[in-house]
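Please look over the two chains shown here before reading the comments that go with them.

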Amino acid sequence: MNEVATLAFVFASLSLLTLGGGMAAYPELKTLAVDVHHWLTLPELDYLFSLGQLAPGPNMMMVVSVGALVAGWPGAFVVLCAFFGPAAVLTLIVGRLWSRLRERRWIVVLQRGLAPVSIGLLLAGCLTFAKGALTGGVTVAIGTIVFAILLRTSVNPAFLILAGAIVGVCAFGTR
Amino acid sequence: MNDKTFVELLGISQSLPGLKAVNLAVLIGDSLRGTFGAIAALAGVCLPGALLMYVVGLVYQVERERPLLEAGLEGVAAAAAGLVLAMTLQLGRQALSGAADLIFVVLTVICVNRLNVPVPYALAAIGALAVGWYAWVDAASTRVRR
């Protein structure tokens, strides 16, 4: 199949999996982009996701980079529409029905039940990500320190990401 | 738009699939200017980052073999791993309560990471289990109140 069509199909199928946040779709993104289609490796996917944390706007914008890698600007454009479109349309529809839905018993139960599952999916995404990013002593140390700093302070994460780049260059640059 | 509407829209955007910031933009755009407002808000929140990440993708394709770049990115990804874990932990603290919630979280992680169950199946199966559980809790509490 044509690469652009494949991209559209893959990212449209990921769109509605982002329950609770973009990270919830990460395990499936890894399966499809790395294992099934071999567009890039897991560390490469992690690198692009991490760079995406420095970009303005939603934190999964790296999907556009994947599209660009695979099929240039048509790929990037198709991925943008396929990944963000379906969830946006669903939000628009539910938002308009919300005044009628919110009092319903089943909506409250549905929200309550999906809350822990969405946190579980986010955590699963984090662990998938960590498998490609935390590969040795130095990277585990960087990750742990950033984790601890963010839980204790309200420092802008972008600074920590940039600090990670400097540590990475110092530690691995001479390989 | 007043505070109450904003908080309500924030609540909807969190409980639906999609990224929170994007959903919120769509809902605000829709409530201010209808469908056209929603499309404009969606474009506004996505396009700057999308353009930047498009360029990042192109540059990365050409430069991915450069050892110094890879060294820096390895550090960046390690830092990002700490970041996403911290964000998830903070979300979990707000959203979870009780042992049942923890069990559903652990079940989801085991299914996806250990058993390699595809996310849609894990979501459907454990989602049904968790929603069923809270429906039962809800029904039981109604019975007690009567």
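The points below go from conventions to chain A and then to the interface.

1. This is a predicted model, in which local features need pLDDT of at least 70 and side-chain atom pairs count only at pLDDT 80 or more, while totals for chains, interfaces and linings use all residues. Residues are numbered from 1 along each chain as its sequence is written, and chains are lettered from A and ligands numbered from 1 in the order in which they are written.

2. Chain A contains seven helices and zero strands, where helices (H or I, at least four residues) and strands (E, at least two) are DSSP runs numbered from the N terminus. Its C-alpha trace spans about 60 × 45 × 25 Å along the principal axes.

3. Helix 5 of chain A, residues 105-133, reaches 42 Å from its first C-alpha to its last, close to the 42 Å expected, that is, 1.5 Å times one less than its number of residues. This helix bends by about 30° at Ala115(A), with Pro116(A) following within four residues; the bend is the angle between axes fitted to the seven residues ending there and the seven starting there.

4. Chain A is assigned domain 1 (3-133) and domain 2 (135-175), with bounds from an automatic or database domain assignment. Their C-alpha centres lie 25 Å apart, and four residues of domain 1 are in contact with five of domain 2, contact meaning C-beta atoms, placed from the backbone, within 7 Å.

5. Between the chains, 72 residues of chain B are in contact with 88 residues of chain A. Helices 1, 2, 3, 4 and 5 of chain B each supply at least two residues of the side that touches chain A.

Conventions: Contact = placed C-beta atoms within 7 Å.
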